[in-house]
Amino acid sequence: MSFQSKNDNKEKAMATPSSLASVAANGRKPGTSTLGIGLEARGVHAWFGKHHALANVSLDFPAGTVTALIGPSGCGKSTFIRTLNRMHEFIPGAAMAGKVLLDGKDIYEPGTDVTKIRLKIGMVFQKPNPFPSMTIGENVLSGLKLAQLKNANKDDLMEECLVRAGLWNEVKDRLNAHGGSLSGGQQQRLCIARALAVNPQVLLMDEPCSALDPGSTLRIEETIKELSETMTIVIVTHNMQQAARVSDFTAFFLADGGPGEMIETAATSQIFSQPRDKRTENYVTGRFG
Ligand SMILES: Nc1ncnc2c1ncn2[C@@H]1O[C@H](COP(=O)(O)OP(=O)(O)O)[C@@H](O)[C@H]1O
Ligand SMILES: [Mg+2]
């Protein structure tokens, strides 16, 4: 594995003017103070071997907001989201440069405990991946050992997480059934509950609804909106309506013959009504992608 954080990009990254930390310092706090500052990507590049998949992405994720990442297949959305909780570096041959700041502190700083970072910045994948032979209850609590959280009442925590994930009413009478016995939509909400149990500040979701029926999709969207009151959410979606429904901010990615880049980011309403870049407009109006 040739993981590296290239110093020459750090300088550039630090010069980025729109740092959330500086916004917060000016007294314009994007989230509430109890939620912290949020997550900030600074000059992020990603490679797979020699393939430069993502170039110089800087993007703020204010605490307590939902940001949608949109763009055609192959433009680097999944790669980018994996750099946000240090999962990219586990792909053989993968490398990255740049910084990712959680509450102002670089998660790539040498000596950082990667396990702890992944607990603070949780992830939900496209395909629901509960542990199929564990019970529903065991699935929810399965991250606790890793988190070394001393929780006085596991039953309370389990219920709280299932309620927040919007699954409690459907499973409260069968917490001992196997995770694999749930429908796809329920499995995805179980994965969200599992992610919540370790109390993350940020939840990354990579096309969490693309394998789900419309009813389950709406249920998850409700869950996302409720969760965003207490955490920071980043969601990759190919569904423009979904981006419009759930997100506060939208960032458009595109690989235009070279590495994927972030073309434009703004409030979601602006991206869909008055994008600045013609390429964003073409994409959101369905002309390509
Ligand atoms: N594990 C991998 N190994 C090599 N190349 C990869 C890998 N994953 C993604 N890529 C390449 O990186 C680019 C971005 O891919 P990806 O982040 O999956 O895009 P998106 O999620 O926007 O569809 C693509 O060119 C893709 O082929
Ligand atoms: Mg993807």
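**Helix α9 and its surroundings**

User: What do the buried residues of α9 pack against?

Analyst: They pack against β6 (121–124), α5 (136–141), α7 (154–164), α8 (168–171), β7 (202–206) and α10 (214–227); contact here means that C-beta atoms, placed from the backbone, lie within 7 Å. This is a predicted model, in which local features need pLDDT of at least 70 and side-chain atom pairs count only at pLDDT 80 or more, while totals for chains, interfaces and linings use all residues. Residues are numbered from 1 along each chain as its sequence is written, and chains are lettered from A and ligands numbered from 1 in the order in which they are written.

User: Why is α9 called mostly covered?

Analyst: A residue is buried if 20 or more other C-beta atoms lie within 10 Å of its own, exposed if 12 or fewer, and partly exposed in between. In α9, 12 of the 13 residues are buried, among them Leu190, Cys191 and Ile192.

User: What span is expected for α9?

Analyst: The expected span is 1.5 Å times one less than the number of residues. For the 13 residues of α9 (184–196) that is 18 Å, and the helix reaches 18 Å from its first C-alpha to its last.

User: What puts the buried residues of α7 on the same side?

Analyst: The buried residues of α7 are Met158, Cys161 and Leu162. They cover an arc of only 95° around the axis, so they lie on the same side of α7; the arc is taken from the directions from the axis to the C-beta atoms. These residues pack against α5, α8 and α9.

Methods: Helices (H or I, at least four residues) and strands (E, at least two) are DSSP runs, numbered from the N terminus. Two residues are in contact if their C-beta atoms, placed from the backbone, lie within 7 Å.
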